[in-house]
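Trainee: I've got a new model to go through with you. Keep it quick, please.

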Amino acid sequence: MSVISETGPALPVVTPERKRLSLDWLGVMPFMIFAIMFLVLPTVFLVAGAFQDAQGNLTLANMANLFQPSIRDAYWISIKISLASALLGAAIGFCIAAAVTLGGLPGWIRAPMMTFSGVASNFAGVPLAYAFLFTLGRTGLVTYLLLNIFGFNLYAHGFNLLSFWGLTITYLYFQIPLMVLIITPALDGLKREWKEAALILGATKTQYWRMVAFPILWPALLGTILLLFANSFGAIATAYALTGSSLSIVPIVLYAQIRGDVLQDPQLGYALAFGMIVITGVSNGIYIWMRARSERWLK
């Protein structure tokens, strides 16, 4: 919109809508600056470094080094731990969410459960590692109680917290609550009329879940499993504080290459990070796509 002046050309008029739009952009600027500085630029730097040598020349040697046996094994261990924690976390979290939303539990349980899930899903790193060491370590509280009350020596039967299953169990502490938070809205979207119609037509509860509920929830379930996989695949603080270098997963190998005193090779570290970005990016991309499909079904 403009106003024609008697002494000159038309002058633009700032409408309230345009002013409000500019203020809206001003409000999101801190987030955009933060995202560019701490997400976009570091990612571009890592991707560029993965295809450069120490002198800055273009090379594919870093990517070829990813196929070394030790690095392949590190990726494979990370994938197995992430997949195990994602599947177990999804199964247990789904049962908890279904019991709270669709089961016969009292209604007051839901609010404390969701509050705890929101806190526990973000509890990771060094505090979580120490919490499990104090609980399930060789001198941990649970280990002590099992030995002195029930006469069961947990470590004599093959359990070791500083191992594949020990790290997987530790990851479940934040994987299960995250599953509860994400899958609960999808369970809330199941309409009661669907179950009533299925039962009226002669279906059992098992048939309803197998033929109606699970096909509708399947995109959300699969997408959440992929998100849990990506969530544990990139975790380093918990694993490093818990196992040190005794378990060679990709984040620990990456840390050793970039900041280590013996195996220092930053360019290989960039390549390792690039591989992790690809894996987690694909997982998150499929999760977003599957979640969009699930939301269309539940509308």
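Mentor: Let's begin with a pair of rings.

Trainee: How are F229 and F233 spaced in helix 9?

Mentor: They are four residues apart in helix 9 (residues 205-233), so about one helical turn separates them. Helices here are DSSP runs of H or I with at least four residues, strands are runs of E with at least two, and both are numbered from the N terminus.

Trainee: What sort of model is this, and how are residues numbered?

Mentor: It is a predicted model: local features need pLDDT of at least 70 and side-chain atom pairs count only at pLDDT 80 or more, while totals for chains, interfaces and linings use all residues. Residues are numbered from 1 along each chain as its sequence is written, and side-chain values use heavy atoms, with hydrogens and water left out.

Trainee: Back to those two. Is F229 buried or exposed?

Mentor: F229 is buried, because its relative accessibility is 11%. F233 is buried too, at 1%. The cut-offs: under 20% relative accessible area is buried, over 50% is exposed, and in between is partly exposed (1.4 Å probe, protein chains only).

Trainee: How many aromatic pairs does the structure hold?

Mentor: It holds 15. One of them is Y155 with F159, an edge-to-face pair with 5.6 Å between centres and 75 degrees between planes. F229 and F233 are a stacked pair, because their centres are 5.8 Å apart and their planes meet at 20 degrees.

Trainee: What makes a pair stacked or edge-to-face?

Mentor: Rings of Phe, Tyr and Trp (its six-membered ring) pair if their centres lie within 6.5 Å; planes under 30 degrees apart are stacked, over 60 edge-to-face, and the rest tilted.

Trainee: Are Y155 and F159 buried or exposed?

Mentor: Y155 counts as buried, at 12% relative accessibility. F159 also counts as buried, at 17%.

Trainee: Which residues do ring pairs link into a cluster?

Mentor: F94, Y208, W209 and F214.

Trainee: And which charged end sits over the ring of F164?

Mentor: That of K80, 5.9 Å from the ring centre. The test is NZ of Lys or CZ of Arg within 6 Å of the ring centre and within 35 degrees of the ring normal.

Trainee: Where is L66?

Mentor: In the loop between helix 2 (61-65) and helix 3 (69-101). L66 is buried, at 12% relative accessibility. L66 and L268 lie 202 residues apart in sequence and 7.8 Å apart in space, C-alpha to C-alpha. Past its neighbours within four places, the contacts of L66 include Y75, L268 and L272.

Trainee: And T168?

Mentor: T168 is in helix 7 (residues 164-188). T168 counts as buried, at 0% relative accessibility. Neighbours within four places aside, T168 is in contact with I81, A84, S85 and L88.

Trainee: How do helix 5 and helix 6 pack?

Mentor: Helix 5 (residues 126-136) and helix 6 (residues 141-149) pack at about 10 degrees, with axes 3 Å apart. That makes them roughly parallel. Axes are lines fitted to C-alpha atoms, for helices over the stretch in contact, and angles between N-to-C directions run from 0 to 180 degrees. Under 35 degrees is roughly parallel, over 145 roughly antiparallel, 65 to 115 roughly perpendicular, and the rest oblique.

Trainee: Which residues meet there?

Mentor: F134, T135 and L136 in helix 5 meet L141, V142 and T143 in helix 6.

Trainee: Last one. How many helices and strands are there?

Mentor: Twelve helices and two strands. Buried residues make up 36% of the 299 residues.

Definitions and conventions:
Contact means heavy atoms within 4.5 Å.
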